[in-house]
Every structure is written in C-alpha cells, then in structure tokens.
Amino acid sequence: MSAEPAIPGTPALPVLPVLQADCSNCFALCCVALPFAKSNDFAVNKAAGTPCKNLQEDFRCGIHTRLRDKGFQGCTVFDCFGAGQQVSQVTFGGRDWRTHPGTAGAMYEVFPVLRQLHELLFYVTEALALPAAAPVHAELRRAQTETAQWTAADADALTTLDVGALRQRINTHLLRASELARAKAPARKKNHRGADLMGARLAGADLRGANLRGAYLIAANLSGADLRLADVIGADFRDADLRGADLRDALFLTQPQLGAARGDAATKIPSTLVRPAHWAA
C-alpha cells in the first residue's frame, strides 16, 4: 500500500524538480510578479504584478543582450532556481497569465513561494553532497522530500504555507552540515556571520572554513582570497572583487552570488557553476 501524501495535492513520492531556470518554459514571471526600485540595479521603478516595459508578447526580454548597458544589472544576476517553469508548467499546467488572466493574481502570489522552496532544495542538495555532513544526511533527505512535495502542491496549498517556518526548521540541518564540513578546513575558522564587511580589505585573506552567512561583502576586496569551505549562504557579494579568489568547495555558493560580483579568468569556482559572461578575461 502506498503512503498517503503529506501535503494536499501532491504525489506520495515527489520527483525533485529541476533547480535551474528554463526561461523558455516560463511565462516571464520574474519580469511581472516581482517589484523593483530604480537604483544601480534597475533603471526604473516597477510595481509587483506589472509587466516590465521591456517584456515582449512572446514572454521574452526585448533587451536581453543589453541588460547591463541599459541599467538592468539586477536582471542579469537574478535566478529563480527553476521556480519559474515549475509555476508555469506544473502549478498552473501551462496556462499563462495573458491568455488566462484569471490565473494572474494567484500565479504572482505563488511564484515567490516556489522560488524560496527551490532555493531551499538547492541548499539541501548541496549539503547532501558533502561527505563530512553524513551524520545529518538522514534529516536532510527528509527535508528534501518534504520540500519537494511542497513544490508539487497546488496553488491553494502553497498560499497557506509558512515558508519562513519551513526555512528555519531546515536551516538547523544546514547549519549542522556546514559545521561538519567546515571542521575539515585547515585554517582557523573565522566567524563573520552577518558581519558588515562592505568595502573590507580582504585581499589574499585566508578564509578557509569561515562562517560568512549573511555577511555584507558589498564592494569588498577579496582578490586572491581563499574561500574554500567557507559558508556563504546569503552573503551579499554585490560588486565584490573576486579576481583570483579561490571559491572551489565554497559551501552553498550560488550562481546569483557570482553574477553580482566581479571576477576574472583566474577566479576559481565550483565545477557546478558557470563563470559569468561579464567577468574580465
């Protein structure tokens, strides 16, 4: 006898969704559902639920190849972790907000929830790949299954989810996985969790095994720094200088973090991530 689904509207044994954005199967939700304010990252103000002025009828961006030149740097570093196509093709079964305007409100409400769930799955999957975190792999697998079930839930169920509470609960296991992995680092483990390191001079710093969770590293000079086994969940790398830095095995490093920073051909990154096109040769 099969087990009962733990979450309304989901299969008992959920399939892990794709955690990489597939814009060709998304209804440009990041260009519509989310707001942005005029700043260094965005050239104009846009309210949530309002299509970006650059969005075309086919759900493609009219200035995609010129986003940075046109003042939309924020668009180039945003990553939905695959939530866009999940909402578009699974939650709403391929019904887009243009031809089915009745879906728009719910779609815009669900998209940020799915984005957080997919980001959580990314972190949990990363933690499960850490041999040193084996003592918490069982808890992480349960968290992975529960979160994957939520990604397959219907819109009504998703709007009732307290995603913050889920994140907090899973974060306990991610913290433990981080501690176990960072214990393997040979350097002295620096604790910069949530620290204000904006513009900090950290060139060549030995940050192996450091706790940089939620640290503000905006415009920090990390050129040549060693960040192997450093925990960088939520660290803000906007305009940080990562030229020549070593980020191999950095814990929970994401593509958006790399995209927000400045690097070069000498920057060492995990094999699972892609070197941003705007980095220096």
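Colleague: Where is Ala-21 found?
Modeller: Ala-21 is found in the segment before helix H1 (73-77), where helices are DSSP runs of H or I with at least four residues, numbered from the N terminus. This is a predicted model, in which local features need pLDDT of at least 70 and side-chain atom pairs count only at pLDDT 80 or more, while totals for chains, interfaces and linings use all residues. Residues are numbered from 1 along each chain as its sequence is written, and side-chain values use heavy atoms, with hydrogens and water left out.

Colleague: And what does Ala-21 touch?
Modeller: Not counting residues up to four places away in sequence, Ala-21 touches Asp-79, Cys-80, Phe-81, Gly-82 and Gln-85, a contact being heavy atoms within 4.5 Å. The C-alpha atoms of Ala-21 and Asp-79 are separated by 6.8 Å, although the two are 58 residues apart along the chain.

Colleague: How many residues of H2 are buried?
Modeller: Seven of the nine residues of helix H2 (residues 83-91) are buried, among them Gln-85, Val-87 and Thr-91. What covers these buried residues includes helix H3 (104-128), helix H4 (137-151) and helix H5 (155-160).

Colleague: Switching to H3 and H4, at what angle do they cross?
Modeller: The axes of H3 and H4 cross at roughly 155° and come within 9 Å, the axes being lines fitted to C-alpha atoms over the stretch in contact, with angles running from 0 to 180 degrees between N-to-C directions. That makes H3 roughly antiparallel to H4, a term for angles over 145 degrees.

Colleague: Which residues make that contact?
Modeller: They include Leu-114, Leu-117 and His-118 of H3, together with His-137, Leu-140 and Arg-141 of H4.

Colleague: What about Ala-177, buried or exposed?
Modeller: Ala-177, which is found in helix H6 (residues 163-182), is buried, with a relative accessible area of 0%. Leaving aside neighbours within four places in sequence, Ala-177 is in contact with Ala-127, Leu-130, Ala-133, Val-136 and Leu-140.

Colleague: Last one, where does pLDDT stay under 50?
Modeller: It stays under 50 over residues 1-5, pLDDT being the predictor's confidence in each residue, from 0 to 100. Where pLDDT is low, the predicted coordinates should not be read in detail. The protein chain averages a pLDDT of 93, and 95% of the residues score at least 70.

How values were computed. Helices (H or I, at least four residues) and strands (E, at least two) are DSSP runs, numbered from the N terminus. Buried means under 20% relative accessible area, exposed over 50%, partly exposed in between (1.4 Å probe, protein chains only). Angles under 35 degrees count as roughly parallel, over 145 as roughly antiparallel, 65 to 115 as roughly perpendicular and the rest as oblique.
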